[in-house]
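Keep the sequence and the model in view while reading.

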Amino acid sequence: MASFLLLPVSLAAQNDLLALAEADSAATAYTTATFKATRIINGHSVQTIPGKELLFMISHRFGTLDGGAYNFFGLDAATIRLALEYGLTDRFSVGVGRSSLEKTYDGYLKYKLLRQKDDTWAAPVTVTGFASTAITTLRFDNPEKNEDFSSRLAYTYQLLIARKFNDRFSLQLSPTLVHRNLVSTNRDENNVYALGAGSRYKLTKRTSLNAEYFYVLPGATADDYINSFSLGFDIETGGHVFQLHLTNAQGMIEKFFIPQTLSKWGDGGIYFGFNISRVFSFDKDKKVEKKW
């Protein structure tokens, strides 16, 4: 009899606990749209592809502006990369691509380790792990080297750490290691360490200004090459994100733009380019929404 009388009290307590849990979940909603694409400009952002969605990306860099009118200020030259990226889950993405520069194929894995939560310092940042492999298929000048597959490989490891401070401004830091199995001279470094920084400032609902800089830590690579610096303008149009860029880096994967940039902004060594991203959803119950 006593247990029967206590049943309503027990049910009420359970309902209160469920209500508290739901309120807590609502109060700690995850931050969305830290960046509007998987790239800030050249480098990856913390964003991953939502589960069961496929992204097709076309990246293009023209020649440098210092080519003058004869080369139509760089528009006569072109470097292109095509890529497919897929969300295995909302936090785990894979991707493959092919660049015309050195006829390079690349593949990556990307996992969102931590997600920023709104209105709380329990999770103040989003943290994403990134790893990629690049394979150069360009024929070497030395015929004997063409048979050495391992010499064609380069690897990149990054920890992408970003915070969306408000509806307009996001900032990301990207500690980076690029390892190259083969370098041109004894002076060149197989391991190159760098720190990237990228930001996004939202202008309107569908446009933003982006900036990105990769600082190569002191060493032979830092002495012989130039740090990559880029400015961009993003336009979102439904399932598309259109990114316009000015950058001193010709390559569009980490193997190129971090340790091999040679052009200087001050000398007119600026490449104009763009990224176009299109998302396709394979989840019939979910529409494609740009809330990454």
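Strand 5 supplies four residues to the lining of the largest cavity, the largest share of that lining. The model shown is a predicted one, and the volumes below are computed from it.

Empty space shows up when a probe the size of a water molecule is rolled over the atoms. Across the whole structure, such a search finds four cavities of 30 Å³ or more. The largest cavity has a volume of about 110 Å³. It is lined by 16 residues, and those closest to its centre are D106, F130, S132, I253 and E254. Strand 4 (104-114), strand 5 (126-136), strand 6 and helix 3 are the elements that give two or more residues to this lining. Sorted by class, the lining of the largest cavity holds six nonpolar, five polar and five charged residues.

The open spaces come next. The largest pocket contains about 700 Å³ of space. Its lining is made up of 31 residues, with E102, S184, K255, F256 and Q260 the closest to the centre of the pocket. Which elements give two or more residues to the lining of the largest pocket? They are strand 6 (153-164) and helix 3 (254-257). Helix 3 gives three residues, the largest share of the lining of the largest pocket. By class, the residues lining this pocket are 13 nonpolar, eleven polar and seven charged.

To find S230, look in strand 10, which covers residues 228-237. Is S230 buried or exposed? Its relative accessibility is 0%, so S230 counts as buried; the cut-off for buried is under 20%.

The surroundings of S230 can be listed by residue. Apart from neighbours within four places in sequence, S230 is in contact with I41, N42, N210, A211, E212, L246, T247 and W265. Two residues on that list, N42 and T247, also take part in polar contacts with S230. The side chain of S230 pairs with the side chain of T247 at 2.7 Å, and with the side chain of N42 at 3.3 Å.

Notes: Residues are numbered from 1 along each chain as its sequence is written. This is a predicted model: local features need pLDDT of at least 70, side-chain atom pairs count only at pLDDT 80 or more; totals for chains, interfaces and linings use all residues. Side-chain values use heavy atoms; hydrogens and water are left out. Buried means under 20% relative accessible area, exposed over 50%, partly exposed in between (1.4 Å probe, protein chains only). A polar contact is a pair of N or O atoms within 3.5 Å; within protein, one must be able to donate a hydrogen and the other to accept it, and residues adjacent in sequence count only if both atoms are side-chain atoms. Contact means heavy atoms within 4.5 Å. On a 1 Å grid over the protein atoms alone, a cavity is a set of points where a 1.4 Å probe fits but cannot get out, and a pocket is an open set with protein on both sides within 12 Å along at least five of seven lines; lining residues have an atom within 4 Å of a point. Grid points are joined across faces, edges and corners, and a volume is the space filled by probe spheres set on the points. Ala, Val, Leu, Ile, Met, Phe, Trp, Tyr, Cys and Pro count as nonpolar, Asp, Glu, Lys and Arg as charged, and the others, Gly among them, as polar.
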